[in-house]
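Dear colleague,

Please find the structure below, handed over for your reading.

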Amino acid sequence: MKLLSQRRHREALEAYAYLAPATLVLLVFWFAPVIVALLVSFFDATALAPPGELNFVGIAQYKRALLNDTEFVRSIWNTINYSIYSVPITLALSLLAAMLLNTQIRGRAFFRTVFFLPYVTTWVAIAIVWNYVYHREFGIANWLLTVIQQAMPWHTGDVVTYAWLAEPRGVWEMMIFDPLRITLPQLPGDADQIVRGPSLALFSIVITSIWRDIGYFMIIFLAGLQNIDKSNYEAADIDGASPWQKFWGITFPLLSPVTFFLLIISCINAFKEFTPMFIMTPDGGPDYGTAPMVFHMYNAGFTGQWELSYASALAYILTFMILTLTVLQNKLIGRKVEYGT
Amino acid sequence: MSGIQIVGLLFLLINGGLFFGWLVQRMSGDRGGASLRMTRLLGMALVYEALLIGAVFMFLPFYWMIVTSFKDSETALTFPPVWTPSRNQYLYEDSEAGRDISVRLLGIQRSEGELVTAVPESAMDFRRVDTGEFSVTRETPDENAPRYQVDPTQLSQDIVMRIDGRNFMKAWYAPEAATRGSVNFGRYFWVSFFTGILSTAGTLLTSALAAFAFAKMSFPGKGLFFYIVLLTMMVPGQVLLIPNFLTLGTLGWLDTYLALIVPFLASVFTIFLMRQFFMTIPDDLWDAAQIDGTGRFRFLWQIVAPLSKPVFITAGIFLFLGNWNALLWPLIVTSSPEMRTLMVGLQTFNEEAGSEFELLMAASTMAVLPVVILFFLLQRFFIQGIARTGLK
């Protein structure tokens with residue numbers, strides 16, 4: 001008995017030795033920083049000020065962010081808008097692509113590779129290329145728009161082109177209200193934003209991020225689709241179910257764990273997005289209409305006054321929003337997800 | 001009706017026909033063999049078309065990037081766009097002294113260097129006198145005619161298709177101008193490769209050790225693992241930026257290789273991935289190894305690790321890619337041009353190059369190439385690795 005416990009003891013010691021390297025790195029660069037960042041956010045530290053003049057300011061940084069910094073509030077809206085449009089469209093399109101590829105067609109490997117290619121290339125290069133794609137005069141986005149308009153049988157003469165990344169107007173304003181010749185009055189506060197929709201500049205970045213992520217989601221959806229037992233469909237065929245019924249009755253519910261996982265992951269990632277906006281609109285876009293929260297945090301903490309405390313507070317606001325969102329999604333949608341077959 | 005409108009009309013008609021035919025076949029209620037085959041055929045046609053349009057949409061930006069990287073600056077800024085790798089054919093490139101040439105003149109400069117006239121796109125006959133000097137032959141044929149100093153790059157003929165890799169060389173060495181010759185893209189590639197490989201190898205090492213402990217050993221505190229995974233997944237990495245920046249500043253590691261390697265030497269996700277794999281390795285192997293007198297450490301590296309090659313490769317790919325693609329962190333912790341990773345270098349070049357799109361596209365192509373090659377070599381592991389993450 002004593003021998004056994006001694007062996008246990010030695011095993012535990014050995015296990016700790018194996019864990020030590022990873023734990024050390026995680027402690028120094030993960031767990032301690034999470035706490036340090038929270039502490040720093042209650043002070044007024046900047047990288048430029050001498051460390052002796054550090055003052056405790058309580059929640060002043062948080063107050064300043066949410067009440068006084070209109071650009072930050074704008075960046076919250078940008079982040080939400082970016083997520084609201086990019087996440088569902090990407091999920092829907094990648095599910096569609098996965099379902100089309102899950103049929104018996106030729107060239108599956110080819111299509112899979114082509115759809116997946118954007119995901120393996122790098123965000124910085126992608127953003128630079130799309131910057132050119134959206135070029136006001138020479139970009140292929142406007143070329144495509146021109147060709148499509150000219151190809152319409154009812155086309156007469158004028159073609160509409162857009163400024164894309166330099167366009168501050170909202171997409172609803174441009175796509176719905178302008179063609180109907182409705183001039184929107186200046187609405188109070190955030191209502192204006194909501195009615196006019198996100199700026200075309202932001203929406204252009206949404207399109208780029210959809211283009212990039214479709215392949216990644218598609219691969220995961222494909223794996224999920226291939227996991228569904230074929231006998232379900234055979235039974236439905238015997239009952240004479242339509243493709244529509246089969247999708248909502250079998251595919252969608254059985255795929256819901258995968259969809260839910262992707263929803264959580266992609267929402268978190270969308271809230272943390274930085275690179276495409278930083279490259280494509282380095283000044284934060286027209287009317288600061290594309291800058292996400294991380295962009296604003298970077299600007300506050302690592303440029304200009306190097307306000308480290310303020311940036312920490314912004315990072316914690318972001319964390320709080322992501323946590324809330326994830327918990328909400330778990331509570332509201334998580335229980336509807338059907339696990340097991 | 002223009003040609004393109006006819007194409008558009010045909011497109012609409014064919015699709016409408018396909019869809020209508022498919023609908024009629026479905027609605028007809030006729031479940032005979034021929035009818036079913038017809039429905040399937042029409043449906044398939046629509047599926048292929050959707051996939052093809054999708055594939056074009058996905059591939060077009062890449063095609064555009066590659067094609068543009070072979071163009072010159074004039075061809076890159078042309079609308080409607082030129083879809084082939086083309087350049088302006090400059091006449092100075094193949095004209096000899098004493099030969100008459102006919103050129104599209106974009107501007108004339110007198111030998112004093114002051115611009116006299118700019119006659120866009122008017123054809124004139126010139127005689128090349130010697131390098132850079134041309135005399136007008138048609139309009140003033142006498143010997144005493146004034147000679148013009150013509151900027152040879154302004155003497156362009158037409159846009160012709162031509163594969164010419166000089167943009168890649170130009171882009172490669174372009175950062176030297178802004179950094180007084182100290183760095184070029186070779187340096188950026190080196191920093192990214194070096195830090196990426198070291199931190200990937202290091203992370204695989206620490207993760208394998210930790211994952212082995214969690215999968216195959218028992219110790220107090222083992223149950224905490226699940227909560228650690230959850231916590232690290234929920235807290236965005238952005239929170240860590242400032243404290244880690246301060247830590248590195250205190251250690252004096254800012255703007256060194258260490259700043260790009262050490263903070264990433266542990267990854268909870270990799271530990272999780274490896275633990276899942278190690279758990280599927282039967283305990284019998286460990287029992288057999290014990291009889292042979294093998295210790296745990298040797299067991300891990302000589303038996304478990306070779307069996308787990310797929311998970312090592314998959315995790316390695318994602319760690320390396322994560323490093324290769326990182327922008328925010330290297331942007332913050334590096335300041336000298338020598339320590340820029342490829343992504344920071346590319347971003348800096350993007351700021352400097354402005355609208356020299358042919359160079360930007362060449363640089364982007366070069367930056368994308370290594371990961372695309374990696375992808376094609378290890379495609380199986382990529383796809384499996386991603387597919388597995390969704391099904392855990």
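**Helix 5 of chain A and helix 16 of chain B**

The axes of helix 5 (residues 123-133) of chain A and helix 16 (residues 357-377) of chain B come within 9 Å of each other and cross at roughly 150 degrees. Axes here are lines fitted to C-alpha atoms, for helices over the stretch in contact, with angles from 0 to 180 degrees between N-to-C directions. Helices (H or I, at least four residues) are DSSP runs numbered from the N terminus.

The model is a predicted one, in which local features need pLDDT of at least 70 and side-chain atom pairs count only at pLDDT 80 or more, while totals for chains, interfaces and linings use all residues. Residues are numbered from 1 along each chain as its sequence is written, and chains are lettered from A and ligands numbered from 1 in the order in which they are written.

Helix 5 of chain A and helix 16 of chain B are therefore roughly antiparallel (angles over 145 degrees; under 35 is roughly parallel, 65 to 115 roughly perpendicular and the rest oblique). Their crossing is left-handed (the near helix is turned anticlockwise from the far one by less than a right angle; clockwise is right-handed). Helix 5 of chain A contributes A125(A), I128(A), V129(A) and Y132(A) to the contact, and helix 16 of chain B contributes F357(B), L360(B), M361(B), S364(B), A367(B) and V368(B). Residues are in contact if their C-beta atoms, placed from the backbone, lie within 7 Å. Of these contact residues, 9 are nonpolar, 1 is polar and none is charged (Ala, Val, Leu, Ile, Met, Phe, Trp, Tyr, Cys and Pro count as nonpolar, Asp, Glu, Lys and Arg as charged, and the others, Gly among them, as polar).

**The contact between the chains**

The contact takes 78 residues from chain A and 75 residues from chain B. On the side of chain A that touches chain B, helix 1 (residues 2-40) of chain A gives the largest share, 19 residues. That side divides into 62 nonpolar, 12 polar and 4 charged residues.

**A pair within chain B**

Helix 6 (residues 185-216) of chain B and helix 10 (residues 268-279) of chain B have axes that come within 8 Å and cross at roughly 50 degrees. The two helices are therefore oblique to each other, and helix 6 of chain B passes helix 10 of chain B in a right-handed crossing.

L27(A) lies in helix 1 of chain A. The C-alpha atoms of L27(A) and L101(A) are separated by 44 Å.

Yours sincerely

Technical notes:
Two residues are in contact if their C-beta atoms, placed from the backbone, lie within 7 Å.
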